[in-house]
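Me: I would like to learn how to read the packing of helices and strands in a model. Could we go through one together, step by step?

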Amino acid sequence: MNEGSIEQLKRIVGAHHVITDPDLCSSYETDWTGRFHARAAAVVRPGDSGAVAAVVSWCDAHSVPVVPQGGNTGLVGGSIPTDGGIVLSLRRLDSIGDVDDSSGQVTVGAGVTLGALQARLTGSQWEFGVDLGSRDSATIGGLVATNAAGARAGLLGSMRAQVAGLEAVLADGRVIGQLGGLAKDNTGYDLSSLLVGSEGTLGVVTQARLRLVRVPAHRLASLIGMPSMEAAISLVQRLRARFGGIEAADFLLGAGLELVCEQLQLPSPFATTPAVVLVVAFAGREEPAADLLNELAELDALAAVDATTRAAFWRYREGLGEAISRIGTPHKLDVCVPMSELADMPQRIAETVAYSEPAAVVHLFGHLAEGNLHINVTGLEPDDVRVDDELLRLVASVGGSISAEHGVGRAKTVHVGLTRTPAEQAVYRAIKYALDPGATLNPGVLIPVPRRGHSRTGTTVRRGIYEIGDDRQRKHNGGGESRG
């Protein structure tokens, strides 16, 4: 982009809100892991939906790529700029409307952080159903874009379940959306649901109408040491069947507990480090049943009902990502596997990594109740994707998903063919280019950018997309070999 283009953007949003200084741009150009980085031609910070529409429309008309960005807490390179493009920072869209007690809903700007929304709701009868360790940085727009979930998804669902309506800007600057939050409205296609999880490739979310849930009268959290993954799964299933009210059931391995205690200077909660550590949260209208407390007392477990101690328990799990990043730049994979496969996955993951790169170290944690594993591998070069490829193939081979809640981003675009058929990917492309013919919005995320000289819908491009996939997909594409 030349100076004339920068000046035009400044006229749209104001000179103070177009950043080109490399030092000031740097925090927008590297992702949360430190693994993905690219230079932005500028960082543009619109203050309302109208300014977003004007910026996006100008970029589309001038073939300037646009990468929407919220808190930049992504882990798969999905919010990192494309060289020559702009970062469209949505942090100034930070309004929070009044809570509608009659519907249990609130309308918020895309730049509102999860933590800010939680703070606004504190003291009311309402809370938000999604919670994440990155709550103080992650924005509502980003959570919508990735269909984020977090620890409570097993009970309350992912972001898609929390969204009652969206406002968004299309690539040509048109504004679409319904923010009325009606309980029933089946008029036409559900565009809001389409935008949730689209990772900024179809439109730029500017506002969200969110469903809230009532604050439970009582909460209990328990930190439980277990001898194996199989035993941990069995316990959670038994507790859920017998008592219900489990709003979260996360796990980390014993080595992870030792790492987080060492790096964050936390006291060890157990006399002897267990093989698996569970953090189980219960919520309900009634006080925890005596039978539940008795069962927990028979385990290697700690339990608490006060908010301070419950937060301290969660620090062991939520702090592990920070602890891992302190010892090296991790390769992060967010996957989901069938519950029937979950117990064996830690061992199979460790064996896969050891075979591909013996010096690498696996750090595993996740949301046990949903079969959602967060695989972190240290000791690899940032651009060495061999281990990533083998692990994603392993997950796909057991019927799992290569992207559970962090999105596909740029890191896993080439792996989409592992779990999506050629026909499904063709539909993705058709939707993408119907709404964004110029590939202005987040190019290269979820859908590969077509090679020069190839049609966006032709066979040649499809072969490029399915370079990694199962045998049926490679056969469909003329038998070409996988790069993996």
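Me: Which residues in H9 meet which residues in H11?

Reply: Keep in mind that this is a predicted model. In H9, Leu235, Arg238, Leu239, Arg242 and Phe243 meet Asp291, Leu292 and Glu295 of H11. Sorted by class, the contact of H9 with H11 has four nonpolar and four charged residues, with no polar ones.

Me: How are the two helices, H9 and H11, described as a pair, and at what angle do they pack?

Reply: In general, two packed helices are described by the angle between their axes and by the distance between those axes. Here helix H9 (residues 229-243) and helix H11 (residues 290-297) pack at an angle of about 165°, and their axes are 11 Å apart. An angle over 145 degrees counts as roughly antiparallel, and H9 and H11 are therefore roughly antiparallel to each other. Their crossing is right-handed.

Me: In what order do the seven strands of the open sheet lie?

Reply: The order is S14-S11-S13-S12-S16-S17-S15, with antiparallel pairing. Strand S14 (300-304) and strand S15 (331-336) are the edge strands, each of which pairs on one side only. From one strand to the next, the twist averages 15°. H11 packs on this sheet, where it touches S11, S13 and S14, and its direction makes about 25° with that of S11.

Me: How many bridges join S16 to S17?

Reply: Seven bridges join strand S16 (residues 361-367) to strand S17 (residues 372-378), and the two strands run antiparallel.

How values were computed:
Residues numbered from 1 in each chain as written. Predicted model: local features only at pLDDT ≥ 70, side-chain atom pairs only at ≥ 80, totals over all residues. Heavy atoms only, no water. Axes fitted to C-alpha atoms, helices over the stretch in contact; angles between N-to-C directions. Helix = DSSP H or I, 4+ residues; strand = E, 2+ residues; numbered from the N terminus. Parallel < 35°, antiparallel > 145°, perpendicular 65-115°, else oblique. Left-handed = near helix turned anticlockwise from the far one by under 90°. Contact = heavy atoms within 4.5 Å. Nonpolar A, V, L, I, M, F, W, Y, C, P; charged D, E, K, R; others polar. Pairing = 2+ DSSP bridges.
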